Amino acid sequence: MKKHLPLIVLILVLVLAIAGGITVYMINRTRFNDDYVNGNTAGNLYNEGLVCEYGDMIYFANPSDGDKLYCMNTDGTNLTKICDDVVSFINVDEHYIYYVRNNPGASGEFSFLNVNTNSLCRINRNGKKNSVLVLDTAPSLYASLIGNYIYYMHYSDSEGSTLYKVKIDGSDQDQVLASPFFTCSTDGQYIYYNGVDAEHYLWRLNTEDDSKGMLYGGNCWMPTVVAGSTVYYMDCDSHYAIARADIATGEKVLLCEDRVDCYNVFGDYIYFQRNDSENPALCRMRTDGSGYEVLVEGNHMNINTTSEYVYFRDYETEQTYRMPHEGNGEIELFAPGKIDEDK
């Protein structure tokens, strides 16, 4: 029996190692989506994707903690810190949060240890086993989840910014188009974008096979397509005022005459920053152009929306505010607080 003991121990060690390996694999394996789920709204992603609503949770770059990744219930309770990364272009599906990491570069004796300060990342949504998977170590922008791929702007010194995709497990990375197209406006398997080189027409990319086709010959910038038939955009022919067009007929309606810095279409509203040297203001109107109103004077940016609120930042102070879509329109400072994990 003693002669066989080392063999038995070896077998037990191998069994435990195999079991442990299977357990690690089951914990870390990627869970893929069954359909062409989209990770955030077009309006939010055009405005750096600092807020993303999924189910009964809000995922956001917390202004109280240097834009690190947090979540909370839609009613503002159960504030949770997810990780220490400074984030933008947040996308969420059933299992994961995808984001662009914007960590400031380190300086000093150990700065060489601070790698991937600007990269494309994935982290578990459930808050457990929060190991970050880096999907692309290169500088990235305008990340957008479509099914099991992230489409995004990828930067390299040799090619500049181009349109890339990568699978959500980090595999199958590939250049899709050799120009830096916006990936924000998605509907199922489709991405709607404007040309950036010789023309600004509205195009549609089918992510099933990465084929593309032109839909509308307008002079568009940052288009938002609704239900595949209506497009809202900043009209380059009208000094970047907001226009709406019927994609099938090409009929265009100018919704206001203001030059616009940024905008977000949500439900029946269009929120936008009026570019006016004397009277800049955050404004909104109905999607048919009616009900124009000034919400708050001054210059603002990063207009993000959830089902209950519109969030925005003051350009000068960089403080974040929010206002309910409905009700008396009371604007409040959005300062959800900070969680110090060291305490």
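The model is predicted, so local features need pLDDT of at least 70 and side-chain atom pairs count only at pLDDT 80 or more, while totals for chains, interfaces and linings use all residues. Residues are numbered from 1 along each chain as its sequence is written, and side-chain values use heavy atoms, with hydrogens and water left out.

**Salt bridges**

- The structure holds 10 salt bridges, each being a side-chain nitrogen of Lys or Arg within 4 Å of a carboxyl oxygen of Asp or Glu.
- Arg 322 lies in strand β26 (residues 320–324) and Glu 332 in strand β27 (residues 332–333), so this pair ties together parts that are 10 residues apart in sequence; strands here are DSSP runs (E, at least two residues), numbered from the N terminus.
- Salt bridges that share partners join Asp 65, Lys 68, Lys 81, Asp 84 and Lys 338 into one network.
- Within that network, the side chains of Asp 65 and Lys 81 meet at 3.3 Å, N to O. Asp 65 lies in the loop between β2 and β3 (68–73) and Lys 81 in strand β4 (residues 80–92), so the pair ties together parts that are 16 residues apart in sequence. Asp 65 and Lys 81 are both buried.
- Lys 165 forms a salt bridge with Asp 210, with the closest N and O atoms 2.9 Å apart. This pair links distant parts of the chain, 45 residues apart, with Lys 165 in strand β10 (residues 160–167) and Asp 210 in the loop between β14 (202–206) and β15 (211–216). Lys 165 counts as buried, at 12% relative accessibility.

**Strand β5 and its neighbours**

- Six of the seven residues of strand β5 (residues 96–102) are buried, so this strand is largely enclosed by the rest of the structure.
- β5 pairs with β4 in the antiparallel sense over four bridges, where pairing requires that DSSP finds at least two bridges between two strands. These two strands, β4 and β5, form a hairpin with three residues between them.
- β5 also pairs with strand β6 (residues 118–124), again in the antiparallel sense, over seven bridges.
- Tyr 98 in β5 is the bridge partner of Asn 91, and Tyr 98 also stands opposite Arg 122 in β6.

**Cavities**

- There are two cavities of 30 Å³ or more. On a 1 Å grid over the protein atoms alone, a cavity is a set of points where a 1.4 Å probe fits but cannot get out, and its lining residues have an atom within 4 Å of a point; points are joined across faces, edges and corners, and a volume is the space filled by probe spheres set on them.
- The largest cavity has a volume of about 90 Å³, and its lining includes Leu 50, Phe 60, Asn 302, Arg 313 and Phe 334.
- β2 (57–62), β24 (300–305) and β25 (309–314) each supply at least two residues of the lining of the largest cavity, and β25 gives the most, with three residues.
- The second largest cavity has a volume of about 40 Å³, and among the residues that line it are Glu 53, Ile 58, Thr 74 and Glu 308.

Note on methods
On a 1 Å grid over the protein atoms alone, a cavity is a set of points where a 1.4 Å probe fits but cannot get out, and a pocket is an open set with protein on both sides within 12 Å along at least five of seven lines; lining residues have an atom within 4 Å of a point. Buried means under 20% relative accessible area, exposed over 50%, partly exposed in between (1.4 Å probe, protein chains only).
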